[in-house]
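I opened this entry to look up the ligand surroundings and the annotated sites. My notes follow.

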Amino acid sequence: MKMRVGMLAVLVLVGLLYAVKHHSKHESLVSDTQIGLRKAPLEDERDLRLHSYEYHKLPPGESKRFERAYENAPPMIPHDVTGLLPITKDNNQCLGCHMPDVASTVGATPVPKSHFFDFRHNRPAKEGSISDARFNCTQCHAPQANAKPLVKNNFKPVFSNKALEFRSDFMDVVDVGVKDLTKTKE
Ligand code: HEC
Ligand code: HEC
């Protein structure tokens, strides 16, 4: 009898310990200050402080171009864009300097061939004009702020040649690896 009571007590004790351990595990679930890159609680923003950051202040013509993030990546905008945005239907100042016929005179990189091609219909865009899909430049090209990355990035781009660190050749290589069916019939 005594033995049974003793065994029962041990069982209850083990059960209790198990329950306590699991209970405390639940309490140590990740809190809302740990799940994101910001360490402030999600439900109370009173103590939230934004880090100060600045965009490049040098005007077009005085800034230094960034190396491309990877081969044929859209280049970052290296100059100030104050007064140039927003781009509207009737006012796209970016084109005023980046259209190929003016770009060289202001020292800007000309808009590449790909921007004059309508990929949706697989034909060149209307005579001399930029494809509608490329009109809103800042949809793909962004200025760079001096904010430190919150997560270290170990990505290192590999370029096929040195020139591609500052220039793209997208239209020349867009078909590489794709079989041209019109030419296989010979
Ligand atoms: C007054 C002329 C001018 C205007 C307007 C202008 N740019 Fe530029 N842009 C330049 C020049 C010049 C450079 C080369 C860097 C420099 O000298 O500042 C450049 C560089 C760039 C680059 C980097 C190109 C590369 O090869 O790395 C991008 C992207 C760019 N501009 C996008 C834009 C966009 C988008 C707009 C409109 C919001 C715009 N630019 C308006 C003159 C201009
Ligand atoms: C849909 C995304 C997209 C839009 C919109 C867009 N670009 Fe680009 N841009 C790219 C990509 C991707 C590249 C690099 C590959 C290439 O050359 O096509 C590029 C390359 C460039 C380059 C570098 C050319 C070179 O020879 O290295 C310039 C300058 C540029 N764009 C200017 C502009 C301007 C100005 C506009 C607005 C009129 C614009 N882009 C709109 C995606 C875009």
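For the class counts I take Ala, Val, Leu, Ile, Met, Phe, Trp, Tyr, Cys and Pro as nonpolar, Asp, Glu, Lys and Arg as charged, and the others, Gly among them, as polar. The model is predicted.

Ligand 1. I looked up its shell and found 25 residues, the closest being Pro 60, Ser 63, Cys 94, Cys 97 and Thr 109. By class, I noted 13 nonpolar, 10 polar and two charged residues around ligand 1. Helix H2 (residues 93–98) gives the largest share of this shell, with five residues.

Ligand 2. Here 23 residues form the surroundings, and Ser 114, Cys 137, Cys 140, Ser 168 and Phe 170 are the closest. I noted 12 nonpolar, nine polar and two charged residues in the shell around ligand 2. H2 again supplies the largest share, three residues.

Annotation. I checked UniProt: an unreviewed entry lists His 79, Cys 94, Cys 97 and His 98 under "binding site". These positions spread over 20 residues of sequence, yet they cluster in space, with a largest C-alpha distance of 12.9 Å.

Is Cys 94 buried or exposed? Cys 94 counts as buried because it has 21 C-beta neighbours inside 10 Å, and the cut-off is 20 or more. Cys 94 sits in helix H2. Beyond its neighbours within four places in sequence, Cys 94 contacts Leu 84, Ile 87 and Cys 137. Cys 97 is also in H2. With 19 such neighbours inside 10 Å, Cys 97 counts as partly exposed. Its contacts outside four places in sequence include Pro 60 and Val 102.

Domains. I noted domain 1 (1–50) and domain 2 (54–173). Their C-alpha centres are 52 Å apart.

Note on methods. Residues numbered from 1 in each chain as written. Chains lettered and ligands numbered in written order. Predicted model: local features only at pLDDT ≥ 70, side-chain atom pairs only at ≥ 80, totals over all residues. Near = placed C-beta within 6 Å. Helix = DSSP H or I, 4+ residues; strand = E, 2+ residues; numbered from the N terminus. Domains from an automatic or database assignment. UniProt positions renumbered as here; feature names shortened; annotations may be inferred. Buried ≥ 20, exposed ≤ 12 C-beta atoms within 10 Å, placed from the backbone. Contact = placed C-beta atoms within 7 Å.
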